[in-house]
Amino acid sequence: MKAPALLALAALTLAGCARDTRVYPSLAPRAVEEKGFAEPKVQVAVAKPDPALDARIGVLRGTLASLARGFAEDAAKADSAADRARGAAAGSDPWLDAQTALSQLDDWRAQTSSLLTDVDLLAAERGAQLAPPYPALGSLRDNIAAEADRQAQTIARIQARLARA
């Protein structure tokens, strides 16, 4: 019995002398880790003045003003028609007059929406050319979107006063 115990002791002793010959990666910081993880500072491109675009924006602003004025005039008429149709049944003459006035408002809103699409296309074309955003174009877009929202709210307000079809 001494021989197997001695043999086991010798095997354990020799196993302790064995060494791992595989190569492991270093735990030292890598070059990229020394640079940090902060976002790099980016230079924001500033749009250069564009007289042709400014002229186009001027025309579009005029169109917006015309659409807003026309909508406001017809909204007053639609309000009056809705007042006359108050309590009238769906399909009655006053109700039909109010619906006709509302359809005119929908036409103004569609024209405003189309204008918004035109401005979005101008901005997309600039983006496709990798040109920086043009502040006047962005401001115009915001104004048109606000007008379109106002028009939609006005139409909904007037429509809510009429009997449902």
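1. A word on terms before the packing: axes are lines fitted to C-alpha atoms, for helices over the stretch in contact, and angles run from 0 to 180 degrees between N-to-C directions. Helices (H or I, at least four residues) and strands (E, at least two) are DSSP runs, numbered from the N terminus. Please keep in mind that this is a predicted model, in which local features need pLDDT of at least 70, side-chain atom pairs count only at pLDDT 80 or more, and totals for chains, interfaces and linings use all residues. Residues are numbered from 1 along each chain as its sequence is written, and side-chain values use heavy atoms, with hydrogens and water left out.

2. Helix H5 covers residues 135–160. With 26 residues, H5 reaches 38 Å from its first C-alpha to its last, close to the expected 38 Å at 1.5 Å a residue (the expected span is 1.5 Å times one less than the number of residues).

3. Helix H3 (residues 51–84) packs on H5 at an angle of about 10°, and the two axes lie 11 Å apart. H3 and H5 are therefore roughly parallel (angles under 35 degrees count as roughly parallel, over 145 as roughly antiparallel, 65 to 115 as roughly perpendicular and the rest as oblique). The residues of this contact divide into 15 nonpolar, four polar and five charged. Here Ala, Val, Leu, Ile, Met, Phe, Trp, Tyr, Cys and Pro count as nonpolar, Asp, Glu, Lys and Arg as charged, and the others, Gly among them, as polar.

4. Between H4 and H5 the angle is about 160°, with axes 9 Å apart. That makes H4 roughly antiparallel to H5. The residues of the H4 contact with H5 comprise 16 nonpolar, four polar and six charged.

5. Which helices do the buried residues of H5 pack against? They pack against H3 and helix H4 (93–128), where contact means heavy atoms within 4.5 Å. Among these buried residues are Leu137, Leu140, Glu147, Gln151 and Ile158 (buried means under 20% relative accessible area, exposed over 50%, partly exposed in between, with a 1.4 Å probe and protein chains only).

6. Ile144 is buried, with a relative accessible area of 0%, and touches Leu64, Thr112, Leu115, Leu116 and Val119, not counting residues up to four places away in sequence. Ala160, also found in helix H5, is exposed at 64%. The C-alpha atoms of Ala160 and Ala82 are separated by 9.5 Å, though 78 residues apart along the chain.
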